[in-house]
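Hi,

Here is the structure I promised to pass on. Have a look at it first, and my notes on what turned up are below.

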Amino acid sequence: MAEIERDKLLDVYTRTMKVNRTDEKFRALLMEGKVAVMYYCVRGQELVSAAAMAALDKDDYVVCTYRGQGEQTAKGIPLEKWWGECLGKETGTCKGKGGTMHITDPDTGIMVTTGVVGSGLPIANGLAMASQNNGDGKVTLVSFGDGAANIGGFHEAMNMAQLYKLPIIFLCQNNRYGEHTKFTDHTDSPDISSRAAGYGMKGLKVDGNNVNEVYPAMEEAVEHARSGKGPVLVEAMCYRMMGHFFGSDFSYMPPEHLEEMAKEDPLPKLRKVMLERQFTEEELDGIVAKIDAEIDAAVEHALAADLPSTDEIYKDVLEDVS
Amino acid sequence: MAQITMTQALNLAIDEAMAEDDGVFCLGEDVSDKQGGGVFKITNGLSKKYGENRIRATPISETAIVGAAVGAALAGQRPICEIMLMNFVGVCMDQIVNHAAKLRFMSGGQTPCPMVLRTTTGVGVGFGGQHSDMLEAWFAHVAGIHVVTPSNAADARGLMRASIDANDPVIFIENILCYGLQSEDPGPGYRVPLGKAAVAKEGTDISLITYGRTVLDALEVAGELDKEGISVEVIDLRTIAPYDEATVLASVNKTGRAITLHEAVRPFGTGAEIAANIQEKCWDNLKAPVRRIGGTFSAVPFATHLEQAWIPQKADLVAQIKASVGKG
């Protein structure tokens with residue numbers, strides 16, 4: 001396998017750390033009681049999101065889930081708008097009307113964040129269908145977890161995407177849990193990617209904790225979809241290192257599983273790769289410090305921002321044609 | 001002027017919208033000419049004219065069909081998706097209710113969802129319990145969608161064009177028994193604005209508020225009662241939600257009496273909402289309680305005589321009108 005280009009690797013690292021530092025900051029704010037909102041932690045899945053977003057073009061479409069912080073920040077939503085939305089402020093992407101589970105920012109291609117498991121796949125097909133219809137050359141990436149692979153919409157969407165050879169990437173982040181239920185307790189087959197064959201679709205299974213596997217796979221998938229060869233199902237094996245949402249019980253995750261996760265943590269592994277590729281500790285730390293400063297500024301901005309006006313509850317229901 | 005059927009009217013409206021805007025496309029089961037141009041021939045001839053990408057025949061996958069329409073709409077296209085029969089919305093409600101209807105609001109206005117969901121239904125065809133229901137109240141109860149149904153061919157043409165123009169999702173309900181109805185062709189470009197009811201027949205004694213196929217029953221009964229000196233005003237809502245409250249209230253303020261009539265079952269139906277609104281806003285002018293007529297509260301039965309007994313009866317309509325005006 002060809003080495004990842006140095007610039008690209010740095011890009012993936014930067015996006016990964018942006019996701020991670022955002023996640024750390026969110027959990028800190030929740031712990032301190034400075035904010036009290038639903039938040040679905042992405043600890044352990046940062047690299048998968050970052051690699052996927054780094055493989056896309058700026059204009060490509062993304063559909064993600066309530067656990068979508070990784071895709072959203074790695075795709076490039078301005079942090080002030082992202083934090084504004086998460087804190088329910090008028091400066092948010094959606095004027096505080098969507099919230100953590102419905103972040104939307106068409107400017108950066110984040111078209112839908114759904115709170116319903118598996119519902120993003122059929123919608124992503126439609127975005128890809130529009131690109132196929134109008135020839136704009138965009139690809140669509142839809143991210144979802146292993147739990148979503150067992151809802152009917154997955155099956156319908158996969159079959160339809162392959163039938164029409166839509167320019168779409170189905171990214172299954174197999175984080176080993178569907179809500180509180182372990183992968184092996186909700187699925188008897190060893191993986192999700194092998195289902196691609198049942199649709200005549202290209203399927204890839206990669207270690208989502210290894211940048212040298214996950215990034216090239218994402219590039220390959222994007223190239224395949226953009227060239228008109230049709231959809232790809234990419235299954236990135238990773239771990240959800242926290243509970244389903246912040247503060248939720250995760251006593252159901254056995255200690256040996258937590259130990260296994262810690263060993264596979266993508267962040268130390270990525271740092272090791274970066275150092276092997278002759279990036280210095282100082283460079284890497286400097287990138288994180290810069291990200292932290294950006295996040296801190298965005299959080300301050302969001303905390304100080306105004307709440308949306310109450311009359312927003314009547315707006316954006318239907319187009320105002322009066 | 002030439003006469004057209006409702007089937008032709010819908011086909012013409014879709015055809016001219018597709019000719020004018022490359023972003024308009026259809027998707028649904030059997031819609032291409034390869035499968036005969038749709039089970040009810042609404043898209044007949046269109047795939048030959050516009051190609052298989054713009055008349056996309058789909059697998060039997062209602063969630064994928066509606067989801068694809070939602071996604072394409074977000075990307076700026078104007079999809080017209082078809083759910084062959086209205087009862088099948090039961091397998092794709094998440095896409096309609098949680099996504100199509102809410103994405104404009106939840107995104108703070110950034111992602112409107114301009115799509116039309118065409119669907120067919122109707123009691124009286126012998127299709128039984130899972131192919132006949134009028135489920136418009138399910139959608140009328142959800143903010144963020146228009147619910148539309150034509151009662152004649154001319155309105156079908158105009159409402160379809162207006163629905164395709166709309167920048168929000170439209171549930172467009174067609175009644176199987178109305179496909180053959182003929183009207184004078186209103187011609188190309190004709191539009192009936194959404195949210196505007198029609199006074200199908202003027203009257204002074206009582207307002208009969210209805211939509212879809214039961215407009216025909218209402219007009220027939222109103223014609224008969226004219227001969228008995230009871231003057232019935234028939235309001236055809238055309239858009240069920242959000243409905244034309246101004247026209248309804250003006251009519252009831254004039255007549256002082258109202259009955260709502262729909263084929264859908266009576267309990268918790270759209271008639272209940274309209275009746276409640278009339279009582280709140282026309283109380284001082286009301287001369288009689290507002291009455292509601294709807295289908296029987298059971299599944300639609302198969303045997304012809306049972307199905308016919310299930311439907312709102314014209315005799316009952318006559319009796320209730322007479323009771324309301326005090327001539328019962």
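**Two domains in chain B**

Taken over C-alpha atoms, the centres of domain 1 of chain B and domain 2 of chain B are 26 Å apart. Bear in mind as you read that this is a predicted model. The domain assignment puts domain 1 of chain B at 3–184 and domain 2 at 198–324. Where they touch, domain 1 of chain B brings 25 residues and domain 2 of chain B brings 24 residues. On the domain 1 side, the elements that give two or more residues are α6 (136–140), β6 (146–148), α7 (153–165) and β7 (170–175) of chain B. The most comes from α6(B), with four residues. By class, that side of domain 1 of chain B has twelve nonpolar, ten polar and three charged residues.

One of those elements, α7(B), also packs on another helix. The axes of α1 (residues 6–20) of chain B and α7(B) come within 8 Å, crossing at roughly 30 degrees. Angles under 35 degrees count as roughly parallel, so that is how α1(B) and α7(B) are described. The crossing of α1(B) past α7(B) is right-handed. If you want to pick out the contact, the α1(B) side is B:Met6, B:Ala9, B:Leu10, B:Leu12, B:Ala13, B:Ile14 and B:Ala17, and these meet B:Ala153, B:Ala154, B:Ala156, B:Arg157, B:Met160, B:Arg161 and B:Ile164 in α7(B). That contact has twelve nonpolar residues, no polar ones and two charged.

Further along chain B there is an open sheet of five strands, in the order β9-β11-β10-β13-β14, with mixed pairing. Its edge strands are β9 (198–201) and β14 (291–295) of chain B, each of which pairs on one side only. On average, and ignoring direction, neighbouring strands here are turned by 25 degrees against each other. Within this part of the chain, β10 (residues 206–210) and β13 (residues 258–265) of chain B pair in the parallel sense over three bridges. Helix α12 (residues 314–325) of chain B lies across β10, β11 (232–236), β13 and β14 of chain B, and runs at about 175 degrees to β14(B).

**Over to chain A**

Chain A has an open sheet too: six strands with parallel pairing, ordered β2-β1-β3-β4-β8-β7. The edges are β2 (110–114) and β7 (202–207) of chain A, each pairing on one side only. The twist from one strand to the next averages 15 degrees. Strands β4 (residues 168–174) and β8 (residues 232–237) of chain A run parallel and are joined by six bridges. In that pairing, A:Cys172 stands opposite A:Glu235 in β8(A).

There is also a helix pair to look at. Helices α1 (residues 6–32) and α11 (residues 281–304) of chain A pack at about 45 degrees, with their axes 9 Å apart. That makes α1(A) and α11(A) oblique to each other, and their crossing is right-handed. From α1(A), A:Tyr13, A:Thr14, A:Met17, A:Lys18, A:Arg21, A:Thr22 and A:Lys25 meet A:Ile287, A:Val288, A:Ile291, A:Asp292, A:Ile295 and A:Val299 in α11(A). This contact divides into seven nonpolar, two polar and four charged residues.

**Where A meets B**

The contact between the chains takes 31 residues from chain A and 35 residues from chain B. On the chain A side, β2, α5 (120–134) and α6 (152–164) each supply at least two residues. The most comes from α5(A), with nine residues. The chain A side comprises 16 nonpolar, ten polar and five charged residues.

Cheers

Note on methods:
Residues numbered from 1 in each chain as written. Chains lettered and ligands numbered in written order. Predicted model: local features only at pLDDT ≥ 70, side-chain atom pairs only at ≥ 80, totals over all residues. Pairing = 2+ DSSP bridges. Axes fitted to C-alpha atoms, helices over the stretch in contact; angles between N-to-C directions. Domains from an automatic or database assignment. Contact = placed C-beta atoms within 7 Å. Nonpolar A, V, L, I, M, F, W, Y, C, P; charged D, E, K, R; others polar. Parallel < 35°, antiparallel > 145°, perpendicular 65-115°, else oblique. Left-handed = near helix turned anticlockwise from the far one by under 90°.
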